[in-house]
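Hello,

I am passing on the structure we spoke about, with notes on what turned up in it. Please have it open while you read.

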Amino acid sequence: MDLSVVGQEHNNGLPPSLGVVLPAEKPAVTMPDLPSSSQAPSLASHSDDGREFVCGWGSAFINITVTFPMNKLMFRQMLHGISTANAMTQLKREGLKNLYRGILPPLCQKTISTSIMFGMFDQYGKLLRYYHPQLSDGTTMALAATLAGCTEAILCPFERIQTVLQDKKFHGKYKNSLHIAQDLWKFGVREYYRGMVSILLRNGPSNILFFGLRTDIKERLPDPGQAWWGHIITDFVSGAFLGAFISTVMYPINVIKAHQQCQMLSSLHCTVV
């Protein structure tokens, strides 16, 4: 006869000895609650929150240092409507000492801006996936990229100062970035953010194109295998192609921004566009 069906609460009519012999029911073992699968990634990702910021800062520092002379050449063409040969002649005439004139503002602006672009894109993406999980991956990417671009726009004063420094007509008027910042302060904070609308129109679509296409372009390149240098070459090629494509698409907006930001209220050197 199976005696295990007799519980302790039903043993009142049995002799004390039989009640002791019968096995008592083992209490149920409760396991501690484990984090759900949706919570696990968010907990593990905290340690990587700063990685995107640091990588973005480093890549922008190298980018600006290497390509500044080329960007200055392009800026002269945009501002004065001259050919590449004429722009190169201007830079040669000004000499090597002025070649890197104006690099401090873009170095500060672009390193921080790229750091914000990568870091805030990652953070906005996490927030959108957490609070609006019903959104598709494409919509989440586009919203996160646009919000990151809007956040970048707070660095507009650096672009404003850079534009004035790169214009040869202001070489004899302003000594450095601090000199321009002090002159702009006379006309209020609004002057620091001249060209803000153009920057917003540029940053949002640029970020959407970058984050939306970078994975697809990299996947279409040959497989680099296990070699570490293969991944570097793949990243370089995909980044170069994507950067050239975005720069070409956004070139008209950059031309408008350059003409807007080269205006100084205390001078009439630039033509209003």
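Which residues of α11 are buried? They are V255, K257, A258, H259 and Q261, where buried means under 20% relative accessible area, exposed over 50% and partly exposed in between, with a 1.4 Å probe and protein chains only. The cover over these residues includes α3, α7 and α9.

Before the rest, some notes on the basis. This is a predicted model, in which local features need pLDDT of at least 70 and side-chain atom pairs count only at pLDDT 80 or more, while totals for chains, interfaces and linings use all residues. Residues are numbered from 1 along each chain as its sequence is written, and side-chain values use heavy atoms, with hydrogens and water left out.

Overall make-up

The chain has eleven helices and zero strands. Helices (H or I, at least four residues) and strands (E, at least two) are DSSP runs, numbered from the N terminus. Of the 273 residues in the chain, 35% are buried. Contact means heavy atoms within 4.5 Å. Taking the contacts between residues at least 6 apart in sequence, 74% join residues at least 24 apart.

Helix α7

Ten of the eleven residues of α7 are buried, so this helix is largely enclosed by the rest of the structure. The buried ones are C156, P157, E159, R160, I161, Q162, T163, V164, L165 and Q166. They pack against α3 (51-80), α5, α8, α9 and α11 (251-261).

Leaving aside residues up to four places away in sequence, Q162 touches G102, P105 and P106. Q162 and Q109 are 53 residues apart along the chain, and their C-alpha atoms are separated by 9.3 Å.

Helix α8 and its crossing with α7

The axes of α7 and α8 come within 10 Å and cross at roughly 115°. Axes here are lines fitted to C-alpha atoms, for helices over the stretch in contact, and angles run from 0 to 180 degrees between N-to-C directions. That angle makes α7 roughly perpendicular to α8; under 35 degrees counts as roughly parallel, over 145 as roughly antiparallel, 65 to 115 as roughly perpendicular and the rest as oblique. The crossing of α7 and α8 is right-handed. A crossing is right-handed if the near helix is turned clockwise from the far one by less than a right angle, and left-handed if anticlockwise.

On the α7 side the contact involves R160, I161, V164 and L165, which meet S177, I180, A181 and L184 of α8. By class, this contact has six nonpolar residues, one polar and one charged. Ala, Val, Leu, Ile, Met, Phe, Trp, Tyr, Cys and Pro count as nonpolar, Asp, Glu, Lys and Arg as charged, and the others, Gly among them, as polar.

In α8 (residues 177-185), S177, I180, A181, D183 and L184 are buried. They cover an arc of only 165° around the axis, which puts them on the same side of α8; the arc is that of the directions from the helix axis to the C-beta atoms. L178 and W185 are exposed, on the face of α8 turned away from its buried side. The cover over the buried residues of α8 includes α5 and α7.

D183 of α8 has 9% relative accessibility and therefore counts as buried. D183 and M264 are 81 residues apart in sequence, and 9.0 Å apart in space, C-alpha to C-alpha.

The axes of α5 (residues 104-131) and α9 (residues 196-219) come within 12 Å and cross at roughly 70°. That makes α5 roughly perpendicular to α9. The crossing of these two helices is right-handed. M117, F118 and F121 of α5 make the contact with N207, F210, F211 and R214 of α9. Five of these residues are nonpolar, one is polar and one is charged.

The axes of α3 and α11 come within 9 Å and cross at roughly 75°, which makes α3 roughly perpendicular to α11. Here M74, F75, M78 and L79 in α3 meet Y251, N254, V255, A258 and H259 in α11. The residues of this contact divide into seven nonpolar, two polar and no charged.

Regards
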